[in-house]
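The following note sets out numbered remarks on the model shown below. They are intended for a reader who has the coordinates open.

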Amino acid sequence: MTGMKRCKNIVIVCGAILLLSLIFTLEFASAQGEEVASPLRRYKEYEVSTGYYEEYEVLPRRERPMVEIPGVRQGLFPYSPSAATVRIRTRLADSHQGIKFYDNRRCEDCHIEQTRDIHTVRANLTCRQCHGGEPIASINHYFSPMNPIRRHAYVCAKCHEGSSASFASYVIHEPSPGSMAAKTSFPVLYYTYWFMVVLLVGTLGVFIPHSFLVGLRELFTKKGEATKDADDEH
Amino acid sequence: MNIKRFSVVDRLFHLGLMLTFLIQAATGFSRLYITTTWGKKLCYLFGGYENAGVIHHWVGSIMTALFVVHVLCLLTKIKGKRIFGPDSLIPNLSDFCNIWKKFLWFFGIGSTPELDRWAYWEKFDYWAVFWGLPLLAVTGLMLMYPIASSRIMPGWSLNIAALLHKAEAILAVAYIFIVHFFIGHLRPSSFPMNEGMFSGGVSLEDAMEEKPVWVKRLKKEGNLELVMTSPPTLWFRVIYFIFGYAALGFGIYLMVNLIVYSRYVSLH
């Protein structure tokens, strides 16, 4: 077989493989009943969403951004859990799905900020006591005990007898009140905090110097001289 | 001779406020600082974290009740124009003039303002309680009865209540233990103690020095003799000196430790 013929055969075989994979992909997709924009861009139904959305899928227009965000990793295989650039984890049956080495980690390795609240610090509760055993469902998963529709009954009422849905709206893991996170997630807390800071700084900022200056002046003023008018001396 | 400034009722209210305030500060901050070694030791004084909480709730209720009684007493004393008179604690224009004159005196311009019965800082001390105490009482009650509160207010208001309670407590404690104690005990004209609130009166010379307008007004009205009292007995002075300095010492101890251990508090 001549070299040219060999090359031609290789090209035909590669083309056939490519075509087959294309057909197979299309067939596979259509077999699942998925709405597919193209074989390269999959769009899963909301009801069977894994919660992983690619960056371009949450943009108003479904197109790749012209300028990519620096530092954001675009994986080689963009559909793998570790490479997804946007993760919405609030509706998963297992909120820790796809996290590497999860079994060997402690809760506070990733959720350190959530340990600085009254329930953890004062009441000495562990995470599991409220969040339950594995798999820990996401907070808005329909069957999660943490879902706001049932949280007061399944979680709060274990210690707070008679708690209501309103009671369960208390934010256990409140953000640091002065932080930007609080401004977006809990604005009332944020503005209350800064109001009190201004009040504290304003009050003490006026009265501490006032007291200091009173003390200083009285130290260098003899008794009886304080009310003497300057004009009396002339 | 002494000139009477505070009635027995005034002094009893102040004593009640002092005691409840100190206990609330001690129990409240021992709980806030429970994760620190100092907080734990302070809690031991009250029988532990839970007991400190029980004491804090009870004394808080007593403090609130005393405040309500005081407001009722105040309402019985309202008599027409006396609300805005020279003996009134309600701020008026002359207070703002006095603030400005005092400010100038700080920098050696002019003499210290001649004050009437109540100085502007005394009025501020009085009315500040009307802001702080109701705020602490309302937020404290919300935190004492969270389930009942969440039936009236949304549950997330408990987050706000906790923040306000903590912040207002820090403000009140800082103001009282730094500013009020300095004015009352440590400034040169009061040192070693402004005895007015304990004995009920101050010496005529001190009153002439600090509140000359008031003394002149009393002389003019012919009421000076009516408000003159005898100085307190020695044993009474010893008692209130010890009590006052114990409160001062405890307040300074609390304030210093609050600042030193603040970075070890684990909460946000």
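1. Among contacts in chain B between residues at least 6 apart in sequence, 75% join residues at least 24 apart. This concerns a predicted model, and the remarks that follow should be read accordingly.

2. Chain B contains 11 helices and three strands. Read from the N terminus, the order of elements is β-α-α-α-α-α-α-α-α-β-α-α-β-α. The C-alpha trace of chain B extends over about 60 × 40 × 40 Å along its principal axes.

3. Of the 268 residues in chain B, 45% are buried. The accessible surface of the chain amounts to about 14000 Å², and carbon and sulfur atoms account for 73% of that area. Chain B carries 24 positive and 16 negative side chains, with 6 Å between the centres of the two sets.

4. The three strands form an open sheet in chain B, ordered S2-S1-S3 with antiparallel pairing. Strand S2 (201–203) and strand S3 (228–229) of chain B are at the edges; each has a single partner strand, so one side of each has no neighbour in the sheet. Strand S1 (residues 2–4) of chain B pairs with S2(B) in the antiparallel sense through three bridges. Within that pairing, Ile3(B) has Val202(B) in S2(B) as its bridge partner. In general, strands of a sheet pair through backbone hydrogen bonds, either parallel or antiparallel.

5. Is Asn2(B) buried or exposed? With a relative accessible area of 11%, Asn2(B) is buried, because the cut-off for that class is under 20%. This residue belongs to strand S1 of chain B. Beyond its neighbours within four places in sequence, the contacts of Asn2(B) include Gly201(B), Val202(B) and Ser203(B). Further contacts of Asn2(B) include Val227(B), Met228(B), Thr229(B), Ser230(B), Pro231(B) and Pro232(B).

6. In helix H10 (residues 212–221) of chain B, the buried residues are Pro212(B), Trp214(B), Val215(B), Arg217(B) and Leu218(B). An α-helix has 3.6 residues a turn, so residues three or four places apart point the same way. The buried residues of H10(B) pack against S1 and helix H9 (204–210) of chain B. Just after H10(B), Gly222(B) adopts a positive phi of about 80 degrees.

7. Leu219(A) is located in helix H7 of chain A.

8. The predictor assigns the complex an ipTM of 0.91 and a pTM of 0.78. For chain B the mean pLDDT is 92, and 98% of its residues reach 70 or more. For chain A the mean pLDDT is 76, with 65% of the residues scoring at least 70.

9. Where in chain A is confidence lowest, and where is it highest? Confidence is lowest in strand S2 (residues 86–87) of chain A, with a mean of 54, and highest in helix H7 (residues 187–219) of chain A, at 94. Over residues 77–86 of chain A the pLDDT is below 50, and the model gives this stretch 26 contacts beyond near neighbours in sequence. Residues 61–65 of chain A also have pLDDT under 50, with 12 contacts beyond four places in sequence. Where pLDDT is low, the predicted coordinates should not be read in detail.

Note on methods
Residues are numbered from 1 along each chain as its sequence is written. Chains are lettered from A and ligands numbered from 1 in the order in which they are written. Side-chain values use heavy atoms; hydrogens and water are left out. Helices (H or I, at least four residues) and strands (E, at least two) are DSSP runs, numbered from the N terminus. Buried means under 20% relative accessible area, exposed over 50%, partly exposed in between (1.4 Å probe, protein chains only). Contact means heavy atoms within 4.5 Å. Accessible areas come from the Shrake-Rupley method with a 1.4 Å probe; for residues, only the protein chains shown count as cover. Lys and Arg count as positive and Asp and Glu as negative; His and the chain ends are not counted. The place of a charge is taken as NZ of Lys, CZ of Arg, CG of Asp or CD of Glu. Two strands pair if DSSP finds at least two bridges between them. pLDDT is the predictor's confidence in each residue, from 0 to 100.
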